Amino acid sequence: DLGLSHGRLLAGADDALRHRERHHVSGGSIFDPATQSTLNGRPSRTAFVNNVIPVSRFDPVALKIQSLIPQANFGGSTALFNNYLPAYNADRKTDLTSIKMDQNMGSKGKISGFYSLTRTRSATSQVLGADGLPDPISQARGNFDWVHTVRINYDYNLSPSMLLHIGVGYVNQRGPTSYVPGRNDFDVASLGLTGVPYTGVFPRITGLTGANNTGGMSTMGQSTAGTGFKSWRPSGNISLTWIKDNHTFKFGGESIIGHYTYGNLSTNRGIFNYSANSTADAALFGQAIAGGVSVGFPYASFLLGAVNNGVIQYASDVRTGKNQFALYAQDTWKIKRNLTLDYGVRYDYGSYYREEHGRAVNFSPTTPNPSAGGALGAFIFEGDGPGHCNCNFAHDSSY
């Protein structure tokens, strides 16, 4: 028994009224989708007797998921609403470790090095869906981030008035990622759910709350799951400083090479949405119902395994990159004791973010769309191959 109250009678178009009177339908009724037939030229369903779904009709996957939902812990065992008080650990820890080294290389040279590691760990992030439900059904996502930074600099005095500087750096970042042990190594096979490519994360179940929050269950499963971000960014710079009379000349160059990968398994584990429509009377679809009462119940649809819509896709593994280079020359001219002039010229060249295998998609207004009878306007990919334009979506810039 879903505990749904019978309220005022439904009202709608004439055929809906006749249907209501014939079957004594009241607000909150749930209908058996297996009984759909035709009444007065419209599809019609029969309500479950006493508004109770026979246990034999319960979907086995839904029962397995329901067994993971915690019992009421607030308001007593007989409370029918506001009966669960969520609680969760919101600890967030960030460690910063660094080390620096300097070493003179003879009378003219000096080398210095720096290394740092920043680690952030939060298994239940307050800003990423913490809801107090237990794993694996919680929407909560973790926030785990590791950043390694390395810098090495070498300075050499070519002469008393001329200094050469060479620097290299490397930043390696892993995260933020949502991986949480116990939440991201769930065995989907234990639910009896088949047909999902990625079975290491609990599927996302949405739409279980009734109209006007009249019972049901909150969304289960993370909004994004199995996600991970990685980047590695080598960099370098070189400069020559030359002091001559009242001038300090500086010539140099800089470069940053960025590589970024982002993997997402969210739709690979299955996203399933439920609706009251699956247990509503098909004869009342689109009918205005007086008083705001409604029929059908999302959680009843869930118990029957009647998914309204869902998404299952292959995992994405996007690899983008962007490069930046620069050359410059400048002069600091001390014209007199209280007047200094700085001037120079700089050239920058920057590439645009692009997917290294041409898997980024863009809209082309001039490409025939085979799904629309050859009408112009279709999505294309960079690179070559079927459906690819063998082109670049943008042009690199310099300034």
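The legends below describe an overview and close-up views of a predicted model.

**Basis of the legends.** Residues are numbered from 1 along each chain as its sequence is written, and side-chain values use heavy atoms, with hydrogens and water left out. In this predicted model, local features need pLDDT of at least 70 and side-chain atom pairs count only at pLDDT 80 or more, while totals for chains, interfaces and linings use all residues.

**View 1. Overview of the protein chain.** The secondary structure comprises 3 helices and 17 strands (DSSP runs numbered from the N terminus: helices are H or I with at least four residues, strands are E with at least two). Of the 399 residues, 33% are buried (buried means under 20% relative accessible area, exposed over 50%, partly exposed in between; 1.4 Å probe, protein chains only). The chain has an accessible surface of about 22,800 Å², and carbon and sulfur atoms hold 55% of that surface (Shrake-Rupley method with a 1.4 Å probe; for residues, only the protein chains shown count as cover). Among contacts with a separation of 6 or more, 63% join residues 24 or more positions apart (contact means heavy atoms within 4.5 Å).

**View 2. Nonpolar surface patch on Trp333, Ile335, Leu339, Leu341 and Tyr343.** These residues make a patch of about 430 Å² (patch residues have over 30% relative accessible area and no salt bridge; like charges are joined within 9 Å, nonpolar side chains, namely Val, Leu, Ile, Met, Phe, Trp and Tyr, within 5 Å). A salt bridge is a side-chain nitrogen of Lys or Arg within 4 Å of a carboxyl oxygen of Asp or Glu. Two or more patch residues come from each of β12 (316-336) and β13 (339-350); β13 gives the most, with 3 residues. Leu339 lies in strand β13 and is partly exposed, at a relative accessible area of 38%.

View 3. Ser138 is buried, with a relative accessible area of 2%. The Ser138 side chain makes a polar contact with the side chain of Asp131 (2.9 Å) (a pair of N or O atoms within 3.5 Å; within protein, one must be able to donate a hydrogen and the other to accept it, and residues adjacent in sequence count only if both atoms are side-chain atoms). The side chain of Ser138 also reaches the backbone nitrogen of Ala140 at 2.9 Å. Leaving out residues up to four places away in sequence, Ser138 touches Asp131, Leu133, Gly221 and Gln222.

**View 4. Hairpin of β15 and β16.** Strands β15 (residues 361-369) and β16 (residues 375-381) pair in the antiparallel sense over 6 bridges (pairing needs at least two DSSP bridges between two strands). Ser364 stands opposite Ala378 in β16. The hairpin has 5 residues between the strands, and Gly373 takes a positive phi near 70°.
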